[in-house]
Every structure is written in structure tokens, then in C-alpha cells.
Amino acid sequence: MRPSRFKAVIFDLDGVITDTAHYHFLAWKRLAEAVGVHFDCAFNEQLKGIDRMGSLDLILTSSGRAFTPTQKLALAEAKNLHYRQLIETMSANNLLPGAMEALMKVRAAGMKVGLASVSKNAFTVLERLGITSDFDYVVDASRIARGKPDPEIFLKAAAELGVAPADCLGVEDAVAGVASIKAAGMYALGVGLPEVLTQADLVISGLDRFDLNVYQ
Ligand code: B16
Ligand code: MG
């Protein structure tokens with residue numbers, strides 16, 4: 001294997017390392033339908049990588065109804081309770097194919113391994129998967145002021161890893177996440193469909209296709 005030009009890889013969590021994106025979808029769908037909003041995969045795509053209150057606002061705007069701040073907090077809390085029930089039984093079996101191998105490949109290449117998730121549940125999910133200690137640094141919702149697509153989360157990860165943004169490769173499944181990586185001045189590897197992740201430098205279908213030799 002020839003040496004990579006990158007010094008760090010910063011992974012997104014939901015939808016890249018594990019399929020919690022599906023659990024977020026189920027929880028948002030139940031909430032959306034309770035307020036009279038039709039919720040499908042296309043709507044869900046807009047919410048990927050967007051923080052909890054931002055996602056809720058997008059759904060409530062579509063309802064055409066007005067909600068007080070107290071009602072909004074209660075709805076967000078209900079969605080989170082449902083989501084937490086869904087992730088309760090998660091284990092290492094919920095790692096997506098190739099995820100563990102990708103983390104190991106990055107470490108074996110002598111590069112730093114970071115994680116950038118806007119989820120307030122990121123550490124719970126990492127614990128359930130048993131991979132918390134596989135990262136040199138984790139940025140979650142508690143460590144940033146602005147969510148994706150703002151570059152803050154990926155810039156924070158790079159700074160904590162001690163690596164210049166230009167020497168980082170970011171991995172994301174969300175349109176907002178890819179935008180965040182590009183705004184941070186990093187190489188963006190998309191996970192999903194090229195026609196959706198149009199801003200990515202390259203798109204793969206999953207981490208089982210992760211190959212450090214290809215990204216330059
Ligand atoms: P929570 P990521 C994001 O995580 C999800 O993609 C997004 O769907 C979710 O709304 C957001 O976390 C907030 O999650 O409600 O658990 O705080 O993709 O940045 O790892
Ligand atoms: Mg994601």
C-alpha cells in the first residue's frame with residue numbers, strides 16, 4: 001500500500017459506521033405523522049446530519065401549524081425517547097459492513113481516527129457498538145455551537161487531532177455533512193448515492209468499499 005496523502009480520517013457516525021439513520025427515520029416518521037405531515041425517504045434525506053431541533057423545525061414548518069417553544073421541546077423529547085428505545089438493543093452486530101475494518105485500516109496506516117457526529121446520543125451509540133476507544137477524538141453535539149452544514153464540527157475534530165484540515169479526509173452519508181466537510185477545506189468521501197451526494201469528491205456505497213489507496 002502506498003502512503004496516503006492524508007494524516008487523519010474523520011468519520012460521521014449515523015449512516016456511516018452504523019445504521020442509526022434508519023432509527024432516526026422511524027422516530028421522525030412517527031412524530032411527523034402525529035402532526036399531520038407525510039414523511040417519506042425523500043423528506044428524511046433532508047434531515048440527515050441535521051441536529052434534533054433543526055430537524056424538528058423542518059417537519060413542523062411542513063405542518064403549517066404553529067407550535068410554542070414548550071410544545072416543540074416536548075415533541076423533540078418524545079422523538080428522542082422513541083429513538084433511545086430503538087437503539088437500546090444495539091450491539092457490535094449493528095456495525096455496518098466494513099466499518100470496523102475501515103477504522104483498523106486508518107490506524108494501521110499511521111493516521112489519526114476522528115469522529116464527528118451532531119448527535120447528543122453519539123457516546124451512547126459508540127458504547128453500544130463497543131468502539132469508543134477506537135477513536136483518537138470524538139466531537140459530539142456537546143462540543144460544538146453550530147451543526148452541519150457549518151464546518152465547525154469537522155474543524156474542531158481536526159484541531160483536536162492536531163492535523164491541518166487540508167490533510168484530513170471526512171466521511172459522510174448526509175448532504176449537510178458533505179457540505180460541512182467541504183466548507184472545512186477537507187476531502188469529502190460520500191457514503192451513499194453519487195446523485196444525492198453531489199458535492200463529495202468521491203462516493204462509495206459503504207465502508208466495505210473503503211480503500212485508502214484511491215483517495216488522493
Ligand atoms: P440526536 P450524525 C445526526 O448524527 C443524524 O444524522 C441526524 O439524523 C440526527 O437528527 C442528529 O444526529 C441529532 O441526533 O437527536 O441523537 O441528538 O449523522 O451527525 O452522526
Ligand atoms: Mg450521518
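Me: Which residues touch the most other members of the largest nonpolar core?
Reply: Keep in mind that this is a predicted model. The largest nonpolar core has 36 residues, and those that touch the most other members are Val9, Phe11, Ile17, Phe135, Val171, Leu207 and Phe210. Next, see which elements supply the core. Two or more residues each come from β1 (8-11), α1, α4, α5 (99-108), β2 (112-116), α6 (122-129), β4 (168-172) and β5 (187-191). Domain 1 (8-18 + 95-209) and domain 2 (21-87) each give at least three residues to this core.

Me: What is Val171 in contact with, beyond its neighbours within four places in sequence?
Reply: Val171 is in contact with Val9, Ile10, Phe11, Asp12, Val16, Ile181, Leu189, Val191 and Leu207. Apart from this core lies another, of 21 residues, and Val118, Val178, Ala188 and Leu197 are among them.

Me: How many residues from each domain take part in the contact between domain 1 and domain 2?
Reply: Start with the bounds: the domain assignment gives domain 1 as 8-18 + 95-209 and domain 2 as 21-87. Their centres, taken over C-alpha atoms, are separated by 23 Å. The contact takes 14 residues from domain 1 and 12 residues from domain 2.

Me: Which residues coordinate the magnesium ion (ligand 2)?
Reply: The magnesium ion (ligand 2) is coordinated by Asp12 (OD), Asp14 (O) and Asp173 (OD), at 2.1 to 2.2 Å. In sequence, the spacing of these donor residues is D-x1-D-x158-D. Asp12 is in the loop between β1 and α1, and Asp173 is in the loop between β4 and α8 (175-183), so this pair ties together parts that are 161 residues apart in sequence.

Me: Are Asp12 and Asp173 buried or exposed?
Reply: The cut-off for buried is under 20% relative accessible area. Asp12, at 4%, is buried, and Asp173, at 7%, is buried.

Me: Where is Gly15 found, and what does Gly15 touch?
Reply: Gly15 is found in the loop between β1 and α1. Gly15 is buried, with a relative accessible area of 15%. Not counting residues up to four places away in sequence, Gly15 touches Thr20, Ala21, Leu96, Asp173 and Val191. Distance in sequence and distance in space are separate things to check. Gly15 and Ala174 are 159 residues apart in sequence, and their C-alpha atoms are 8.1 Å apart in space.

Me: How does the span of helix α3 (residues 52-63) agree with 1.5 Å a residue?
Reply: At 1.5 Å a residue, the 12 residues of α3 should span 16 Å, and the end C-alpha atoms are 17 Å apart, which agrees. Now look at its sides. Arg52, Ser55, Leu56, Ile59, Leu60 and Ser63 are the buried residues of α3. They cover an arc of only 130° around the axis, which puts them on the same side of α3. These buried residues pack against α1 (20-34), α2 (41-47) and α4 (69-87).

Me: What should I check in the backbone?
Reply: Most residues other than glycine have a negative phi, and most peptide bonds are trans. Gly64, which follows α3, has a positive phi, near 70°. The peptide bond from Lys148 to Pro149 is cis, with omega near 15°. Pro149 lies in the loop between β3 (137-139) and α7 (152-161).

Technical notes: Residues are numbered from 1 along each chain as its sequence is written. Chains are lettered from A and ligands numbered from 1 in the order in which they are written. This is a predicted model: local features need pLDDT of at least 70, side-chain atom pairs count only at pLDDT 80 or more; totals for chains, interfaces and linings use all residues. Side-chain values use heavy atoms; hydrogens and water are left out. Helices (H or I, at least four residues) and strands (E, at least two) are DSSP runs, numbered from the N terminus. The expected span of a helix is 1.5 Å times one less than its number of residues. Buried means under 20% relative accessible area, exposed over 50%, partly exposed in between (1.4 Å probe, protein chains only). The arc is that of the directions from the helix axis to the C-beta atoms. Contact means heavy atoms within 4.5 Å. A nonpolar core is a set of buried Ala, Val, Leu, Ile, Met, Phe, Trp, Tyr and Cys residues joined through side-chain atoms within 4.5 Å. Domain bounds come from an automatic or database domain assignment. Donors are N, O and S atoms within 2.8 Å of the metal (3.2 Å for Na, K and Ca); water is not among the atoms, so sites may look incomplete.
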